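Please prepare a short briefing on the structure shown below, covering helix packing, salt bridges and local backbone geometry.

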Amino acid sequence: MKKGNWIVKAGVIALFGAYASVAMAAKTLVFCSEGSPEGFNPQFFTTGTTADAGSVPMFNRLVEMETGTTNIKPALAESWEISPDGLTYTFKLRKGVKFHSNARFKPSRDMNADDILFSYYRMADDKHPFHNNTPGQTYAYFQDVGMAKIVDKLEKVDDMTVRFKLKRPEAPFLATLTMDFMSVQSAEYAEKMKAANTPDLIDKDVIGTGAFQFVSYQKDAIIRYKAHDGYWDGRPKIDNLIYAITPDASVRYAKLKAGECQVMALPKPADVELMKKDPNIKLLSQQGLNIGYVSFNVEKKPFDNKAVRQALSMAVDKESILKSVYAGSGQAAKNLIPPTMWSYNDKVQDYAYDPVKAKALLAKAGYPNGVDVELWYLPVSRPYNPDGKRMAELIQADWAKIGVRAKLMSYEWTEYKKRSKTGEQHAMMFGWSGDNGDPDNFFEPILGCSAVKGGGNTSRWCNKEYEDLIQKAKQVPAQADRAKLYAKAQEIIHEEAPVLLIAHSLRFTPVRKEVVGFKMDSTAHHYFKKVDLVK
């Protein structure tokens with residue numbers, strides 16, 4: 001070998017070794033998530049699984065909640081003012097906020113007011129050039145919370161100032177702006193992709209301002225992200241973030257123990273005690289801001305009959321479900337909101353488990369010989385329901401005692417959600433994790449009339465008295481007065497029984513001991529922007 005060639009080859013080897021060292025030094029955190037996202041544009045979807053994969057790592061909003069609390073803090077807006085009459089909200093935008101880039105797009109400017117208007121009016125204006133960008137997708141949360149009834153217009157005051165003008169006072173408006181569907185997208189990216197005749201890419205290869213940017217997605221297997229070097233709130237401490245999609249909770253736990261992932265979602269309640277004893281695992285816990293329930297589609301028989309819904313509610317042994325499904329980490333629900341939330345009506349008396357009375361009520365309602373129904377059960381673990389299939393089996397057995405023959409059905413998670421939006425379901429297992437700490441965040445998206453069209457109201461129940469109460473409660477400034485209205489709304493839910501309320505669950509998140517800085521969030525999202533890994 002000639003000396004000159006050896007020098008060149010030695011240099012190549014040294015260079016390769018340097019790159020290898022950098023690669024080895026890069027910090028990669030693997031999160032064992034519970035399911036596949038429906039997509040990555042947070043405007044389209046309402047589920048926590050999808051938010052965890054889209055809005056949480058890759059997007060920001062004007063204002064956000066401090067992780068682990070419901071305190072609202074500045075984000076893309078550095079400050080704001082609210083007019084005395086509560087009808088005008090003016091936001092001063094943060095300077096120097098950088099958007100992500102990818103192989104097709106390199107931003108030429110920082111975030112400004114045009115991006116705020118683009119993101120909002122894409123949802124609000126059905127004539128907006130990007131409103132129907134992805135066929136078949138609706139702006140579910142925008143519709144569920146009735147934003148069109150709240151906001152009159154959004155104005156650009158100048159490049160770094162925007163102003164919302166409301167049609168009416170809206171007490172939870174600022175809290176609503178923290179929610180995933182209000183994530184800010186790049187107007188410049190949309191125009192560039194439109195010019196390239198590939199506008200659909202803005203909803204697939206998404207561009208945001210968040211701590212991590214999208215790299216790739218292998219359906220039902222893995223999502224890859226990398227740190228956003230120009231993140232306005234400081235570059236993340238980890239370089240690479242990987243979501244290992246693992247629907248089976250037992251497999252997630254096995255991966256966590258083996259060190260194949262450092263954080264896992266939604267452990268089985270039965271595994272909690274084992275996790276507490278494992279010296280390599282830190283088990284975090286928090287009271288859940290959630291509700292697990294079965295919704296009755298009131299547009300289909302026999303669920304159009306209130307007496308039938310009441311009978312089905314009193315036929316279910318919740319204590320058995322709490323023991324078998326939640327393993328002691330849940331409490332029976334009698335109201336839509338959890339007991340920790342202000343306006344909780346403790347005077348409401350839950351339907352007592354009484355199969356004899358339930359059977360008699362069912363006969364009185366016109367079904368003396370029972371009835372055949374479908375019961376859809378959750379195909380994935382959720383914070384409010386760790387095992388949908390087991391819960392369905394217990395409910396099926398309870399209903400059989402009063403002559404109700406339930407056919408158990410389920411679909412892949414994305415299909416499950418898609419079919420429910422069109423009202424195909426009969427009785428359907430679902431639930432909710434609160435987004436912002438305001439009771440309205442439960443009452444309207446779950447059972448409000450607007451949420452029938454948006455798809456969040458899987459009962460498809462629209463009750464005028466209830467609707468009038470929750471709409472009035474949003475316009476009353478004093479919390480005590482709002483609480484009285486919500487207390488009455490809870491009484492109506494109990495009487496009408498559009499949902500079979502099951503449980504509020506305690507949430508657990510196990511992390512390996514090398515993970516530092518991870519906090520459980522009040523919304524059940526998983527945030528990694530401030531997380532580090534230590535040896």
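Does Ala-327 count as buried, partly exposed or exposed, and at what relative accessibility? Ala-327 counts as partly exposed because its relative accessibility is 40%, where buried means under 20% relative accessible area, exposed means over 50%, and partly exposed lies in between (1.4 Å probe, protein chains only). The model is predicted, so local features need pLDDT of at least 70 and side-chain atom pairs count only at pLDDT 80 or more, whereas totals for chains, interfaces and linings use all residues. Residues are numbered from 1 along each chain as its sequence is written, and side-chain values use heavy atoms, with hydrogens and water left out.

**Packing of α18 and α19**

- The axes of helix α18 (residues 464–475) and helix α19 (residues 479–496) come within 9 Å and cross at roughly 160°, the axes being lines fitted to C-alpha atoms, for helices over the stretch in contact, with angles running from 0 to 180 degrees between N-to-C directions.
- This angle makes α18 roughly antiparallel to α19, a term for angles over 145 degrees, while those under 35 count as roughly parallel, 65 to 115 as roughly perpendicular and the rest as oblique.
- Helices here are DSSP runs of H or I with at least four residues, and strands are runs of E with at least two, numbered from the N terminus.
- Residues of α18 that meet α19 include Tyr-466, Leu-469, Ile-470 and Ala-473, and among their counterparts in α19 are Leu-485, Tyr-486, Ala-489 and Ile-492, with contact meaning heavy atoms within 4.5 Å.
- By class, this contact of α18 with α19 has 9 nonpolar, no polar and 5 charged residues, where Ala, Val, Leu, Ile, Met, Phe, Trp, Tyr, Cys and Pro count as nonpolar, Asp, Glu, Lys and Arg as charged, and the others, Gly among them, as polar.

**Salt bridges**

- The count comes to 41 salt bridges, each defined as a side-chain nitrogen of Lys or Arg within 4 Å of a carboxyl oxygen of Asp or Glu.
- Glu-495 and Lys-306 meet in a salt bridge with an N to O distance of 2.9 Å; Glu-495 lies in helix α19 and Lys-306 in helix α11 (residues 306–314), so the pair ties together parts that are 189 residues apart in sequence.
- Both ends of that pair are partly exposed, Glu-495 at 37% relative accessibility and Lys-306 at 29%.
- Arg-168 forms a salt bridge with Glu-170, the closest N and O atoms being 3.4 Å apart, and Arg-168 is buried at 13% relative accessibility, as is Glu-170 at 3%.
- Arg-168 and Glu-170 also belong to a network of salt bridges that links them with Lys-149, Glu-444, Glu-467 and Lys-474.

**A buried loop arginine**

- Arg-61 lies in the loop between α3 (55–58) and β2 (63–65), and it counts as buried at 3% relative accessibility.
- Not counting residues up to four places away in sequence, Arg-61 touches several residues, including Ser-55, Leu-76, Asp-180 and Ser-183.

**Backbone geometry**

- Most residues other than glycine have a negative phi, and most peptide bonds are trans.
- Ala-327, in the loop between α12 (318–324) and β14 (330–332), has a positive phi near 50°.
- Asn-197 has a positive phi near 65° and is found in the loop between α8 (187–195) and β8 (212–218), where it counts as exposed at 66% relative accessibility.
- The peptide bond from Lys-301 to Pro-302 is cis, with omega near 0°, and Pro-302 is placed in the loop between β13 (290–296) and α11.
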